[in-house]
Amino acid sequence: MVGIVIVSHSRKAAEGIFELAAQMAGEGHKMVAAGGMDDGSIGTDAIRILQGIQEANDGDGVVILADLGSGVMSSEAAIDLLEEDIEVVIADAPILEGAVGAAVQASVGGTLAEVVEAAEQARNLSKRQ
């Protein structure tokens, strides 16, 4: 199953997004919330993200969803630090809607490309009908 890492500057935000996406994905998901700093302050930590990638990895690749540009930069640093051969893609998607879409696609056995696409399609969703 494709793993998902949720990167937010806020630990609480990452955990909340994780909670919503996990509810949609059901049992057996491979998602990790990697938000905030170790001391609880706001920020992103490449080592924390690296550990999230390793934890979420099930052999089918990992998708990262990040909240802001520096979260993307920390995620890129984490990927550079990887010693294992793990395929990792940073989705260009809104973090909450993208995480939900990615989690659902991963839960039905989607490939890495399909999970990334599901996350990125969230950019086009209208909240009004």
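**View 1. Contacts of Leu-65 in the predicted model.** Leu-65 touches residues from several stretches of the chain, not counting residues up to four places away in sequence. Its partners include Ile-4, Val-5, Ile-6 and Val-7. Also among them are Ala-91, Ala-93, Pro-94, Ile-95, Gly-98, Ala-99, Ala-102 and Ala-119. Contact here means heavy atoms within 4.5 Å. This is a predicted model: local features need pLDDT of at least 70, side-chain atom pairs count only at pLDDT 80 or more, and totals for chains, interfaces and linings use all residues. Residues are numbered from 1 along each chain as its sequence is written, and side-chain values use heavy atoms, with hydrogens and water left out.

**View 2. The nonpolar cores.** The largest nonpolar core has 22 residues. Ile-4, Ile-6, Met-31, Val-63 and Leu-65 touch the most other members. Two or more residues each come from strand S1 (3–7), helix H1 (11–25), strand S3 (62–66), helix H4 (95–107) and helix H5 (112–121). A second, separate core has 16 residues, including Val-7, Ile-64, Ala-78 and Val-88. A nonpolar core is a set of buried Ala, Val, Leu, Ile, Met, Phe, Trp, Tyr and Cys residues joined through side-chain atoms within 4.5 Å. Buried means under 20% relative accessible area, exposed over 50%, and partly exposed in between (1.4 Å probe, protein chains only). Helices (H or I, at least four residues) and strands (E, at least two) are DSSP runs, numbered from the N terminus.

**View 3. Helix H3 and its cover.** Helix H3 has 13 residues (residues 69–81). At 1.5 Å a residue they should span 18 Å, and the end C-alpha atoms are 19 Å apart, which agrees. The expected span is 1.5 Å times one less than the number of residues. Gly-71, Ser-74, Ser-75 and Ala-78 are the buried residues of H3. They cover an arc of only 100° around the axis, so they sit on the same side of H3. The arc is that of the directions from the helix axis to the C-beta atoms. An α-helix has 3.6 residues a turn, so residues three or four places apart point the same way. On the other side of H3, Met-73 and Asp-80 are exposed. Cover for the buried residues includes S1, helix H2 (46–56), S3 and strand S4 (88–90).

**View 4. The buried face of helix H5.** Leu-112, Val-115, Val-116, Ala-118 and Ala-119 are buried in H5. Seen down the axis, the buried residues fall within an arc of 160°, so they line one face of the helix. S3, S4 and H4 are among the elements that cover them.

View 5. Ala-102 lies in H4. Ala-102 counts as buried because its relative accessibility is 0%. Not counting residues up to four places away in sequence, Ala-102 touches Ile-4, Leu-65, Val-115, Ala-118 and Ala-119. Leu-96 also has its place in helix H4. At 32% relative accessibility, Leu-96 counts as partly exposed. Leu-96 touches Ile-17 and Leu-20, with the same exclusion of residues up to four places away in sequence. Leu-96 and Gly-36 are 60 residues apart in sequence and 16 Å apart in space, C-alpha to C-alpha.

**View 6. Setting of the close-ups.** The protein has five helices and four strands. From the N terminus on, the elements run β-α-β-α-β-α-β-α-α. Of the 129 residues, 43% count as buried. The C-alpha trace spans about 40 × 30 × 25 Å along its principal axes.
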